[in-house]
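Subject: Structure handover

Hi,

Here is the structure I promised to pass on to you.

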Amino acid sequence: MKRHLLWILVPLFGGSAWAQPSFTADIKPLLQKQCQGCHNPAGASSGLDVTTYTAFAKGGKRGPGFVAGKASESLTIRYIAGAMKPRMPLGQPEMAAADVDRFRAWIDAGAKDDSPVEVLDNSPTVYLQPPVITALRWSPDGQRIAVSGNREVLVHMADGSKLVQRLAGKAERILSIAYSADGKTLIAGGGTPAQFGEVQIWDAGAGKLQHTARLTNDTLFGASIAPDGSRVAVGATDNTVHVFETASGKELYKIGNHENWVLGSVFAVDSKRFVSVSKDRAAKVIDAASGAFLENVNVLRTELTSIARHPKKDVVVIGGEDRYPYVYNMDRPKNMKIADDTTLIRKLDRQDGPIFSLDWSSDATRIAVAGIAPSVNIYDAETGKLSAQCKGHSAGIYAAAFSPDGKKLATGGFDGKIRIYDAANCTLLTSFIPAPLSAGTPAGGAK
Ligand code: HEC
């Protein structure tokens with residue numbers, strides 16, 4: 001903030017030395033906005049990645065990105081000022097003269113790296129109050145519930161009796177959690193806003209981080225794992241879905257069919273395809289092996305935030321801003337890429353607020369719908385009728401998941417409390433705060 005203020009003052013004072021441009025405050029935002037789309041680790045045009053200072057300094061095929069102290073000899077300046085062709089940013093309007101000057105001034109002043117130093121502190125997060133719950137999943141044996149915490153995934157006994165694991169990563173926020181079908185792998189997707197997105201692949205039994213990958217400059221959304229465990233898909237704010245090989249943690253490809261943030265994903269029953277949903281309103285079927293776009297699922301209506309699949313069929317329920325959950329067949333009979341509504345099976349009731357979380361019970365009988373409304377609605381998946389309404393939350397519910405036997409529903413959201421309901425009638429069975437609150441804070445405790 002300070003730096004930006006200084007920049008506003010520069011013209012007034014004629015650009016005095018104390019107001020040198022900062023990499024973090026002045027240069028990085030320009031790179032993120034105008035260059036990163038083509039110069040990132042997954043797609044480095046001409047070998048150049050500008051997502052970190054180090055990679056930018058290292059440069060591309062023709063040499064370092066810049067020569068500290070010598071703007072006129074720096075590749076970046078030569079490309080953005082038009083001395084070298086094609087002019088950068090490629091295919092976009094020329095960079096504003098003031099921004100080119102800013103780049104020059106930063107390089108001439110020594111191209112200093114003032115990127116924030118990573119938090120190396122590995123001490124456990126201290127919770128003074130229950131953190132908002134943004135993701136939760138039951139382990140496939142039904143014994144545990146993995147819940148988002150701050151900079152970690154909290155694994156709790158499902159009966160609320162004990163916190164059993166704290167899976168600490170670097171991402172400040174965890175926005176999605178998923179278990180592999182055999183329960184051996186847990187994946188978490190999230191990130192630190194405006195800095196990086198992170199996918200974590202954990203050995204769920206040992207509580208050991210096996211692979212972690214950082215991508216983009218913002219949090220990731222809607223991570224899912226294939227039923228056969230082979231692949232992980234995650235949505236990003238660069239409008240793409242990134243797909244990883246679970247065993248190696250390697251990114252296989254990213255797919256850019258969406259026109260806005262990708263917020264949810266789910267694999268088909270046979271693991272060979274997946275569907276992604278986006279703020280661009282589309283749900284798209286992708287070939288999981290090649291990343292090829294196959295077809296659109298829905299007619300465009302509203303921003304989509306969430307998706308869940310029938311446990312045994314390629315039928316999905318999608319939902320978002322317009323508050324209606326829509327149940328669709330994943331596939332169309334003919335290879336019709338323009339979606340019509342012939343594959344819409346059912347539209348459920350309008351909710352009292354935008355939808356954030358959907359789940360389909362593993363016995364296929366129920367669909368849970370949660371969001372901004374203070375109650376979770378459970379529908380009979382066969383008839384589409386409301387079968388129960390789980391109350392007790394004071395505000396937004398960002399995560400809802402059925403137990404593996406389909407008999408219970410766990411919810412979490414703004415108030416930081418996990419509530420476990422009988423899925424048949426929404427009787428509250430238990431509730432607890434999964435985060436280990438430090439002493440002296442009001443705990444809230446059991447129901
Ligand atoms: C639409 C894609 C695209 C965007 C956006 C873009 N570039 Fe490029 N950039 C390329 C391509 C393609 C090349 C290779 C050009 C060639 O060799 O003909 C390249 C080459 C370069 C090179 C030379 C790297 C080397 O060592 O060969 C630099 C430096 C560069 N770009 C800087 C930038 C900067 C700075 C921005 C943002 C202001 C930017 N680019 C935006 C696509 C892009």
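Predicted model: local features only at pLDDT ≥ 70, side-chain atom pairs only at ≥ 80, totals over all residues.

Let me begin with helix α2, which covers residues 23-34. Its N-terminal end is capped by Ser 22, which has a side-chain oxygen 3.2 Å from the backbone nitrogen of Thr 24. Several residues of α2 are buried, among them Phe 23, Asp 26, Lys 28 and Gln 34.

α2 packs against helix α5 (residues 97-108). The crossing of α2 past α5 is left-handed. On the α2 side, the contact is made by Phe 23, Asp 26, Ile 27, Leu 30, Leu 31 and Gln 34, and α5 brings in Asp 99, Arg 102, Phe 103 and Trp 106. Sorted by class, this contact has 6 nonpolar, 1 polar and 3 charged residues.

**Two cis peptide bonds**

The loop between α4 (75-80) and α5 holds Pro 86, and Pro 89 lies in the loop between α4 and α5 too. The Lys 85 to Pro 86 peptide bond is cis, with omega near -5°. The bond from Met 88 to Pro 89 is also cis, again with omega near -5°. For context, most peptide bonds are trans.

Thr 125 sits in the loop between α5 and β1 (136-138). Is Thr 125 buried or exposed? Its relative accessible area is 16%, and since buried means under 20%, Thr 125 is buried. A polar atom of the Thr 125 side chain lies 3.0 Å from the backbone oxygen of Asn 150. Setting aside neighbours within four places in sequence, Thr 125 is in contact with Asn 150, Arg 151, Glu 152 and Arg 166.

**Two positive phi values**

Most residues other than glycine have a negative phi, but here are two to look at. Arg 323, in the loop between β17 (315-320) and β18 (326-329), has a positive phi of about 75°. Arg 323 is partly exposed, with a relative accessible area of 24%. Cys 426 lies in the loop between β26 (418-422) and β27 (428-432), and its phi is near 65°. Cys 426 counts as buried, at 10% relative accessibility.

Happy to go through any of this with you.

Best wishes

Key. Residues numbered from 1 in each chain as written. Heavy atoms only, no water. Buried < 20%, exposed > 50% of the residue type's maximum accessible area, 1.4 Å probe, protein only. Helix = DSSP H or I, 4+ residues; strand = E, 2+ residues; numbered from the N terminus. Polar contact = N/O pair within 3.5 Å; in protein donor to acceptor, adjacent residues only side chain to side chain. Axes fitted to C-alpha atoms, helices over the stretch in contact; angles between N-to-C directions. Left-handed = near helix turned anticlockwise from the far one by under 90°. Contact = heavy atoms within 4.5 Å. Nonpolar A, V, L, I, M, F, W, Y, C, P; charged D, E, K, R; others polar.
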